[in-house]
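Let's take a walk through this structure together, one contact at a time. Keep the 3D view open as you read.

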Amino acid sequence: MSQDVSFVADAMKQAVPYVKTTGIEFEEVSAGRVVASLPDEPTLHNHIGGPHAAMMFGLGESASGAVVMAAFAAHLGKATPLAVRADISYKKIAMGVLRAEAVLGRSADEVLAELESGTRPEFPVTITITNAEGVTTGEMVVVWTLKPAR
């Protein structure tokens, strides 16, 4: 039986001020995949009229955080998710509305088993950022950990 993670979109807007400030929306949320979008707003643009690189990074990182929250929602009382490191490649000039698809890179069960064994797990989330035409404008990997609650 799959867990209801419909709360994640609203929780991200409440818990992460950046999400609300930039207008990021969560279009799809599941325990293994999230799709988020960044509006085409002049206040988010760079010198060539498209989303600033920092906005692309923030969109991808926010999508990755949402999928981590969804995947581990039932376990957030015993561990805090933290981003460990991130890597981004800017592939094409981004213009207009952007979408980020974040996918959990390891099974949640595997990560939780590692946590339960006393090891602080690390796991990747891969993100593909596309424009309205579906062209890939960026690719990211954010590595997360679950820090045991004390």
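Start with Arg 99 and Glu 27, whose side chains meet in a salt bridge, with N and O 2.9 Å apart. Arg 99 sits in strand β4 (residues 98-104) and Glu 27 in strand β1 (residues 25-29), so this pair ties together parts that are 72 residues apart in sequence. How open are the two partners? Arg 99 has 33% relative accessibility, so it counts as partly exposed, and Glu 27 is partly exposed too, at 42%. Keep in mind that this is a predicted model.

Why would such side chains meet at all? Side chains of opposite charge can pair when their charged atoms come close. Searching the whole structure turns up nine salt bridges. Another of them joins the side chains of Lys 78 and Glu 116, again at 2.9 Å from N to O. Here Lys 78 comes from the loop between α3 and β3 (79-90), while Glu 116 belongs to helix α4 (residues 108-116), so the pair ties together parts that are 38 residues apart in sequence. Lys 78 is partly exposed at 37% relative accessibility, whereas Glu 116 reaches 54% and counts as exposed.

Next, look at Glu 114 and Arg 106, which form a salt bridge with their closest N and O atoms 2.6 Å apart. Is Arg 106 buried or exposed? Its relative accessible area is 18%, so Arg 106 is buried; the cut-off for that is under 20%. Glu 114, at 22%, is partly exposed. Salt bridges can also link up into a network, as Glu 28, Arg 33 and Glu 101 do here.

Now turn to the helices. Two packed helices are described by the angle between their axes and the distance between the axes. Helix α1 (residues 8-15) packs with α3 at an angle of about 120°, and the axes are 10 Å apart. That makes α1 and α3 oblique to each other, and the crossing is right-handed. In the segment before α1 you'll find Phe 7, which is partly exposed at 37% relative accessibility. Phe 7 and Ala 70 are 63 residues apart in sequence, yet their C-alpha atoms are 8.7 Å apart in space.

Finally, visit the loop between β2 (33-38) and α3 (53-71), where Ile 48 lies. Ile 48 is partly exposed, with 44% relative accessibility. Together with Ile 93 and Met 95, Ile 48 makes a nonpolar surface patch of about 300 Å². The loop between β2 and α3 also holds Glu 41, which is partly exposed at 38%.

Technical notes
Residues are numbered from 1 along each chain as its sequence is written. This is a predicted model: local features need pLDDT of at least 70, side-chain atom pairs count only at pLDDT 80 or more; totals for chains, interfaces and linings use all residues. Side-chain values use heavy atoms; hydrogens and water are left out. Patches are made of residues with over 30% relative accessible area and no salt bridge: like charges are joined within 9 Å, nonpolar side chains (Val, Leu, Ile, Met, Phe, Trp, Tyr) within 5 Å. Accessible areas come from the Shrake-Rupley method with a 1.4 Å probe; for residues, only the protein chains shown count as cover. A salt bridge is a side-chain nitrogen of Lys or Arg within 4 Å of a carboxyl oxygen of Asp or Glu. Helices (H or I, at least four residues) and strands (E, at least two) are DSSP runs, numbered from the N terminus. Buried means under 20% relative accessible area, exposed over 50%, partly exposed in between (1.4 Å probe, protein chains only). Axes are lines fitted to C-alpha atoms, for helices over the stretch in contact, and angles run from 0 to 180 degrees between N-to-C directions. Angles under 35 degrees count as roughly parallel, over 145 as roughly antiparallel, 65 to 115 as roughly perpendicular and the rest as oblique. A crossing is left-handed if the near helix is turned anticlockwise from the far one by less than a right angle, and right-handed if clockwise.
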